[in-house]
Amino acid sequence: MEWLSAENVVAVGTAVLGIAASGVMVWYERRVPRRKRIGYRIQMDNPIGGGVRSGRPNRRLGLFDEIAGMADATLVLLRIENDGWLGVARDDYTGPERHGLTAVFTGRTVRGVSVTQPTDTDHLMDHFTAERGFGFEANRLRVPRVPLNRGEHFKLLVLLSGGDVGNEVRLIGGLSEGEVHPNRSTTLDDRAPLFSRPARTIGVLLAVCVVALAALVVAHDDTPPPLGCAKGTLTVVGSTAFAPVAREAAEKYERDCPGSSITVDPHGSTTGVRALAATGARTGKGAPAMVALSDGPKPDGLPELRENRVAVSVFTLVVNKDAGVTGLSTEQVRKLYRGGVTDWRELGGADLPVRLVSRDAGSGTRRVFQRRVLDRGEIANSSADCLHRDDPAVPVVRCELNSTEQVLTMVAGTSGAIGYSELNLAEQAKDRLHLVSLDGHEASVDDLEHGDSAYPYREVEYAYTYGRPPADSLASGFLAYLTRGDGQAVIRTHGHVPCWTPEGLRLCGQDTPGDLTAPSAPAPDAG
């Protein structure tokens, strides 16, 4: 469910944690009185004598060397501070003695002490007198009841003998509604933490949640699903010339729309259209999960098929480089495909026999060629291998192949061969063959789209469905993606003009291309 997304869970968790933390803090402020606290920490514990076991040997001069007992002497700097919320008065110390606190140096003997204080707390020194309990004996140092405002502190530099550096030092005593406790920091003059450990923990948790939420927001892909996303299976049949577009569009659609599976199985435009009609008639229950792509309109007699105009495709004649021609007139092409030219010398080319490499009868590329260029059908097939005439009485070799790729391969490798192809596929092979201009016009998508080219070998690519597919079906979704969604970029990448662009509207010959709800118009005879 959408509301259970990762970013929503983190956001709700962060909000709940923040509200709970705020409530706890309010409760704490109202219900728990602010405590008085005196903290202490050891800021120095260094050996003076060389005999201190856990210290390092050192050198001594003057009093440190002359006074007896310095061989195992140590110096400790003890800082005592008010790190609570409230000030500490003399009467807040709870012990029965005159002094307020006792520093215990385990395993060592106190030999002397010096009191230091910040320059802005001169009043503290007045409390360090014998009358108020200041003194020492054995391993104990008595600290008077020194009043400390919040944040104030003083230090005791204590000379010790015996024992080891690092032996335990404790400050004992009691405070009314407060406590005496050790502080962790041992760095010189560090201030006590501003926030308590629970406050720091809550702050860290909140920060982690906020960072996690920000990372999810940044990483989250807000790109909406492409137009026409649907689930299910679909088979795309028909045109081999338009098959590269269909394959790439299907791959991208499957990646963008999880749960969809599209199979592209091209075997020619007419073959695909008739397969769609047969499947629909056999199924008998609504539109089958099939789309047929066709170079040009469908044949007559299939009124149950509904059209969707997809793109304008440009085709071209291709000729083997050995033929020695790169341009022909429409009349010369018609003469070639009537069998009226047997050698390329007759058209100003090389002394090579003409070999016509054509597509099979189900090809849309062939139907477009016959309708747009020849204005009639081609001569009969006369060769199985495109090299030799099966019937010696036939004037030229003419063979038929099943795909555009086969035609391009055969023309490129056969001297004197000529064929036809979709333009983009032909341009990918132009290092092996020549693209032929017609009546002085080059095969060019740019000229057709942005100019007024009279180049004749072009056609609208159609997508057919059997009847009206449901609006939520994969057939409807994929066609919407192909004609009006991200599929338009795929169409253009492969050298076609999408019908839903301003130029495509003009070239496709209708104001609203691809209307799946309207029945197809009767198609002219493809020949």
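**Entry 1: helix 7**

How many of the 11 residues of helix 7 are buried? I counted nine, so helix 7 is largely enclosed by the rest of the structure. Buried here means under 20% relative accessible area, exposed over 50% and partly exposed in between, with a 1.4 Å probe and protein chains only. Helices (H or I, at least four residues) and strands (E, at least two) are DSSP runs, numbered from the N terminus.

A note to myself on the source: this is a predicted model, where local features need pLDDT of at least 70 and side-chain atom pairs count only at pLDDT 80 or more, while totals for chains, interfaces and linings use all residues. Residues are numbered from 1 along each chain as its sequence is written, and side-chain values use heavy atoms, with hydrogens and water left out.

Back to helix 7: I listed its buried residues as Gly364, Thr365, Arg366, Arg367, Val368, Phe369, Gln370, Val373 and Leu374. At its start, a side-chain oxygen of Ser363 comes to within 3.2 Å of the backbone nitrogen of Thr365. After the helix I found Asp375 with a positive phi, near 65 degrees.

**Entry 2: helix 5**

I checked the length of helix 5 (residues 269-283) next. The expected span is 1.5 Å times one less than the number of residues. For the 15 residues of helix 5 that gives 21 Å, and the end C-alpha atoms are 21 Å apart, which agrees. Its buried residues are Ser269, Thr270, Gly272, Val273, Leu276, Ala277, Thr279 and Gly280. They pack against strand 10, strand 12, strand 13, helix 7 and strand 19. Gly284 follows helix 5, and its phi is positive too, near 75 degrees.

**Entry 3: strand 19 and its partners**

I then looked up strand 19 (residues 458-466), where eight of the nine residues are buried. Strands pair if DSSP finds at least two bridges between them. Strand 12 (residues 290-295) runs antiparallel to strand 19, with four bridges; Leu293 has Ala463 as its bridge partner there. Strand 13 (residues 305-320) is also antiparallel to strand 19, with nine bridges, and Arg306 stands opposite Thr465.

**Entry 4: Ser239**

Where does Ser239 lie? I found Ser239 in the loop between strand 10 (232-238) and helix 4 (243-256). Its relative accessibility is 2%, so Ser239 counts as buried. Its side chain makes a polar contact of 2.8 Å with that of Asp295. Such a contact is a pair of N or O atoms within 3.5 Å; within protein, one must be able to donate a hydrogen and the other to accept it, and residues adjacent in sequence count only if both atoms are side-chain atoms. Leaving out residues up to four places away in sequence, Ser239 touches (heavy atoms within 4.5 Å) several others, including Ser269, Leu293 and Glu461.

**Entry 5: aromatic pairs**

I found 10 aromatic pairs in the structure. Rings of Phe, Tyr and Trp (its six-membered ring) pair if their centres lie within 6.5 Å; planes under 30 degrees apart count as stacked, over 60 as edge-to-face and the rest as tilted. Tyr253 and Phe478 are edge-to-face, 5.7 Å centre to centre with 90 degrees between the planes. This pair links distant parts of the chain, Tyr253 in helix 4 and Phe478 in helix 11 (residues 474-484), 225 residues apart. Tyr253 is buried at 0% relative accessible area, and Phe478 counts as buried at 2%.

Tyr337 and Phe369 are also edge-to-face, at 4.9 Å and 70 degrees. I noted that Phe315, Tyr337, Phe369, Tyr420 and Tyr457 form one aromatic cluster.
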